Amino acid sequence: MNKDVIYIEPEDDITDILANIKDAKNKIVALVPPKKAGVLQSAVNFKLIAKTANNHEKTVVLITSDESLLALADKVKMPTAKSLQSKPKLPHSDDSKEFGDDDVDEEISEDEAESEEESEPEPEEKPKKTSAKTKKAAEIAAAETAKDVDIELDAKDVEPEDDDKKNKKDKKAEKKEKNTKVPNFKKYRKYIILFLILFVAIFGFGYWATQIAPRAKITVKVKTVGSNFSETVRFVTDETKSDPENGVFFAEEKTTSKKVSSDFGATGEVDKGAKASGTITVKVKSPVTFSVSDNYSKTFTIPANTIFTYSNGNKYASTSAVNLAVTKAKIGSLSKNCTLNDDGITINCNLSSDVVAEVSVVSTENGEKYNIAASTSGWSFPINTITATKASAMTGGSSKIVKVVSQEDVEKASNDLSGEADKEAREELASQFSSEYILIGNSFAVTSTNTTTSPSLNEEVGEGVTPKIVRETKYVIYAVKKSEVDTYIHTVAEAKIKGDDTQMVYSTGVAINEGDDDKAFFESYKNDNGNMTAKLKSTTKTGPRITEDMVKEVSLGVKIGKVQSNLRSYKGVSEAYVETSYFWVTRVPDDDNKVEIEITVE
């Protein structure tokens, strides 16, 4: 008959042995212990083995010659053999309960016991007595067991007994049968209940310890190589046009506005006095050059705002345009006063009388220094054909210096406000994006600014008045989803190791999970009339291809030591270790829901 052989390892515990007995395919199971099997030194463990074999209709044969193990096997009625090839020996049957005769409680009275002792003195090593009925049951059970293991008992397995001893035992058995009485089970109720509670507790603990409690965490450390990542990418504001795998990202926009105000000091000064005014007499210089087509008639114009400069540096501007007309009448005799030039085109004519005009002028600035007396010389202006002959007195100039809001005051106050407002706006816009986004930092910009002051620009600041500035600014910033950036970097990095199935990308530098280091960022952002680009930079990590599925494949249901050695054999794995939920768990559970796998990158 076929049998299963179970070799017990030194590190095996009772749960391993019981599980192997349960999983045995044949009814006969040969249990082969090592020289030192600590797990089999316990009578409780032998009882568990016998109980498990009985529950699963298996016959366990202990293969050993160790006397201590043979004694323990004998107590639980377990067949034994010296080797896998030798015939098993059946245990000795010593009492009526050996084969389940539990419903008879035999008691012998003290008088009968004393009479038996007097009539039949026992030797020093008195053998246990076995009734004919019990012996017969044992022989039947032994024969059945020998049949199951496909053997016949040797003659030495059953020791013959002489007739005298047999007769004595038969007489004692008859006396015991006569004195047998129904036991009082009420007397043993408490012990039976305690035994049942203890049994349930042990069974429950065993089930919990072997089926529920075992859990394991497998940690694998992988060595990786870091590489710098730098690629130019584009941004679009229309999500339908995004293409993350090719570096085209949808840039989500956030806007805000800030209105801030502040007092400021006015430092501008303006002279609110009066300007000096007067007249300057001018005349056309002689000779006058005519072209043939002029017909000896020509007009000279002094435009408005023509600057006349006096010898002391004062400047005066003409208030309106003045024309000086030269006619034939002002030349007199043409033949006498005119001469044809060598070019045959132009004619020079001396004037017989002056062509004069008065020009009204005002000083270019306020101030008393522009008040000057009448003069006949010292004037110049940028028209070569006209000269100033005299000027009236320049009068009416006065000074009145007042404080006003200057352009410099407005710019300084605006800059002071913008620094704090810009910082607040940037923080506010950044907070509107969750941790699932990467900010395009340089995309933060001011879209419009409206600045007003009171008093207004160049307006006089009255006594006791403090100028105030109000600045309203609109801001914008863009951000991209981390998932899109991760997709792009992963695509590019995988393309670089394409064809090498032993390598994989472990990190793109994008912090997808909480606690990850965020290495990805944008720099050199440009927005050229809506065409937005930037440089995407990060640090990628590549290493040996170790996945959770690979780890599970070599770990589930395997002993811890073997799991660790298997994983460490992979190239690129620097460390692998297994942590279990309790000290008695020596295997990784078969259920992957009870196994946590952590792959860390060095």
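Guide: Gladly, starting with the second largest pocket, whose volume is about 620 Å³. That volume is the space filled by probe spheres set on the grid points, which are joined across faces, edges and corners. The model is predicted, so local features need pLDDT of at least 70 and side-chain atom pairs pLDDT 80 or more, while totals for chains, interfaces and linings use all residues. Residues are numbered from 1 along each chain as its sequence is written, and side-chain values use heavy atoms, leaving out hydrogens and water.

Visitor: What makes a set of points a pocket?

Guide: On a 1 Å grid over the protein atoms alone, a pocket is an open set with protein on both sides within 12 Å along at least five of seven lines, and lining residues have an atom within 4 Å of a point. Here 20 residues line the second largest pocket, with Y506, S507, N513, D516 and V601 nearest its centre. Strand 23 gives the most to this lining, four residues; strands are DSSP runs of E, at least two residues, numbered from the N terminus.

Visitor: Why is T80 called buried?

Guide: Buried means under 20% relative accessible area (1.4 Å probe, protein chains only). T80 has 12% relative accessibility, so T80 counts as buried. T80 lies in strand 4, residues 80-81.

Visitor: Which residues does T80 touch?

Guide: Contact means heavy atoms within 4.5 Å. Leaving aside residues up to four places away in sequence, T80 touches V61, L62, L70, A73, K87, P88 and K89.

Definitions and conventions. On a 1 Å grid over the protein atoms alone, a cavity is a set of points where a 1.4 Å probe fits but cannot get out, and a pocket is an open set with protein on both sides within 12 Å along at least five of seven lines; lining residues have an atom within 4 Å of a point. Buried means under 20% relative accessible area, exposed over 50%, partly exposed in between (1.4 Å probe, protein chains only).
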